[in-house]
Amino acid sequence: MPRESGHHDLMASRSAPPSATTSTRPGVFGGKAWRLGRVAGIEVAVDYTWVLIFMLVSVSVGARLRLAHEEWHGIATWGAGFVTSLLFFASIVLHELGHSLVAQRVGVRVRSITLFVFGGLAALESEPRRPRDEILIAVAGPLVSVALGIAFLAGARALGNAPGFRELIGEALEWLGRINLILAAFNVVPGFPLDGGRVLRGILWATTGSFERATAVAAATGSVFAYGLIAAGALTAIFAGQLLGGLWLVFIGWFLLFAARATVGQMVLERILESVRIGDVMATVEEARVARSETVEHLLTEAVLRRGQRTFYVVDRTGELLGLVTLRELSQVPADERAQRRLEEIMLDADRLALLLPEEDGWTALRRMAERRVNQLPVVRGGQLLGAVTRERLLAVVQTRLALADEGG
């Protein structure tokens with residue numbers, strides 16, 4: 001079955017695609033991300049947190065060049081810092097494209113690449129189907145970074161100690177070469193969810209034959225590495241007096257720890273929900289069925305205000321689903337028009353809705369809810385409305401099964 005997957009590398013990692021009709025979508029940490037366009041059919045976006053690291057890289061590189069070469073004009077050094085930062089993040093995109101293109105080659109769909117404060121986050125629709133595919137996808141990114149590092153350093157060496165502007169370019173290229181090689185080296189550390197951790201998972205998967213066991217072991221190694229980073233960051237900040245550098249290590253460690261734990265939690269969630277049949281957990285929606293000719297005012301008065309309902313399914317006399325009306329559509333109708341406006345005028349047509357079949361599983365339902373950013377979905381067969389399933393209901397099933405498993409030892 002498909003799995004939601006994310007590669008989490010340092011400055012290059014791999015979560016629900018939004019509507020493609022807007023210039024923004026939900027970001028990595030709940031804020032906004034701005035779409036930049038598509039590369040090889042994959043959407044590339046920038047999270048709002050990326051602005052922070054972009055400014056830090058620009059300023060630090062510009063300041064380094066300024067201190068090393070006071071004879072250069074300030075515009076030149078700060079401009080070089082800005083351009084170097086752009087090239088650095090272009091390197092991150094290329095790293096992620098390395099993962100993504102290989103993933104597509106082995107049949108794993110890639111939804112998007114997002115730049116954020118810790119680097120890159122590529123959204124894979126599923127986990128690889130075979131251990132070999134996992135390893136190939138994981139090693140592709142670091143190989144791209146190594147190739148970029150060598151190319152940048154070669155460019156710097158070619159310029160040598162050329163005077164003037166060429167020397168400025170050479171120093172910027174040398175920084176880019178070193179940082180790409182450093183990132184490649186960091187990302188091959190065998191701590192999940194870094195690329196090295198994914199290689200470890202692929203090897204364990206091939207050895208044990210169990211994806212779940214391999215994920216648990218690789219995530220445990222990732223957690224150990226993350227705790228090590230947090231401890232190193234704290235010691236650096238306290239005893240070495242490098243507060244900013246120490247805090248940065250702590251934040252990276254926290255992020256990797258969170259990602260490793262989230263991967264295991266998602267695996268457990270997926271395993272449970274894949275065994276849940278939608279037809280067994282859906283709720284009847286008799287009170288939420290409404291006729292297309294019903295007025296907005298009547299629905300607000302009789303159902304919303306009296307019973308607190310917020311979602312309604314518009315059906316015809318045979319029970320066929322025609323559309324959906326929520327409190328949002330109802331509230332957008334001006335008060336003086338509510339007595340005349342009918343639901344068929346404001347409903348979301350059924351062909352625009354995400355629908356479920358009763359034989360589909362709970363994991364498919366939860367993923368579809370995340371993609372559409374909704375909390376419930378109608379269940380239909382042959383166009384007939386059978387019921388609806390909610391996110392709360394699915395999570396209640398998961399909690400019940402986990403509780404039973406705990407009681408059973």
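Which residues does Gly 177 touch, not counting residues up to four places away in sequence? They are Gly 149, Phe 152 and Leu 153. This is a predicted model, and the points below walk you through its helix contacts, its aromatic pairs and a few backbone details.

**Around Gly 177**

- You will find Gly 177 in helix α4, which covers residues 165–187.
- Gly 177 has a relative accessible area of 0%, so it counts as buried.
- From Gly 177 to Gly 155 the C-alpha to C-alpha separation is 9.0 Å, and the two are 22 residues apart in sequence.

**Helix α3 with helix α5**

- Helix α3 (residues 131–159) packs with helix α5 (residues 195–208) at an angle of about 165°, and their axes are 8 Å apart.
- Angles over 145 degrees count as roughly antiparallel, so α3 and α5 are roughly antiparallel to each other.
- Their crossing is left-handed.
- On the α3 side, the residues in contact are Pro 131, Glu 134, Ile 135, Ala 138, Val 139 and Pro 142.
- On the α5 side, they are Asp 195, Arg 198, Val 199, Arg 201, Gly 202, Ile 203, Trp 205 and Ala 206.
- Sorted by class, this contact of α3 with α5 holds nine nonpolar, one polar and four charged residues.

**Helix α7 with helix α12**

- The axes of α7 (residues 243–273) and α12 (residues 362–372) come within 7 Å and cross at roughly 125°.
- That angle makes α7 oblique to α12.
- Helix α7 brings Gln 266, Leu 269, Glu 270 and Leu 273 to the contact, while α12 brings Gly 362, Trp 363 and Leu 366.
- By class, the contact of α7 with α12 has four nonpolar residues, two polar and one charged.

**Aromatic pairs**

- A pair of aromatic rings is described by the distance of the centres and the angle of the planes.
- The count of aromatic pairs comes to 13, with ring centres within 6.5 Å as the cut-off.
- One of them joins Phe 54 and Phe 82, which sit edge-to-face at 5.4 Å centre to centre with 90° between the planes.
- Phe 54 belongs to helix α1 (residues 50–68) and Phe 82 to helix α2 (residues 74–105), so this pair ties together parts that are 28 residues apart in sequence.
- Phe 54 is buried, at a relative accessible area of 10%, whereas Phe 82 is partly exposed, at 42%.
- Another pair, Phe 118 with Trp 248, is tilted, with 5.6 Å centre to centre and 45° between the planes.
- This second pair links distant parts of the chain, 130 residues apart: Phe 118 is in the loop between β5 (110–116) and β6 (119–124), and Trp 248 is in helix α7.
- Phe 118 counts as buried at 7% relative accessibility, and Trp 248 is partly exposed with a relative accessible area of 27%.
- Ring pairs also join Trp 50, Phe 54, Phe 82, Phe 88, Phe 89 and Trp 175 into a cluster.

**Backbone details to look at**

- Most residues other than glycine have a negative phi, and most peptide bonds are trans.
- The peptide bond from Phe 192 to Pro 193 is cis, with omega near 15°, and Pro 193 lies in the loop between α4 and α5.
- Ala 40 is not a glycine, yet it has a positive phi of about 55°; its place is the loop between β3 (32–39) and β4 (42–47).
- Arg 373, also not a glycine, has a positive phi of about 55°, and it sits in the loop between α12 and β11 (376–381).
- At 60% relative accessibility, Arg 373 counts as exposed.

Conventions: Residues are numbered from 1 along each chain as its sequence is written. This is a predicted model: local features need pLDDT of at least 70, side-chain atom pairs count only at pLDDT 80 or more; totals for chains, interfaces and linings use all residues. Side-chain values use heavy atoms; hydrogens and water are left out. Axes are lines fitted to C-alpha atoms, for helices over the stretch in contact, and angles run from 0 to 180 degrees between N-to-C directions. Helices (H or I, at least four residues) and strands (E, at least two) are DSSP runs, numbered from the N terminus. Angles under 35 degrees count as roughly parallel, over 145 as roughly antiparallel, 65 to 115 as roughly perpendicular and the rest as oblique. A crossing is left-handed if the near helix is turned anticlockwise from the far one by less than a right angle, and right-handed if clockwise. Contact means heavy atoms within 4.5 Å. Ala, Val, Leu, Ile, Met, Phe, Trp, Tyr, Cys and Pro count as nonpolar, Asp, Glu, Lys and Arg as charged, and the others, Gly among them, as polar. Rings of Phe, Tyr and Trp (its six-membered ring) pair if their centres lie within 6.5 Å; planes under 30 degrees apart count as stacked, over 60 as edge-to-face and the rest as tilted. Buried means under 20% relative accessible area, exposed over 50%, partly exposed in between (1.4 Å probe, protein chains only).
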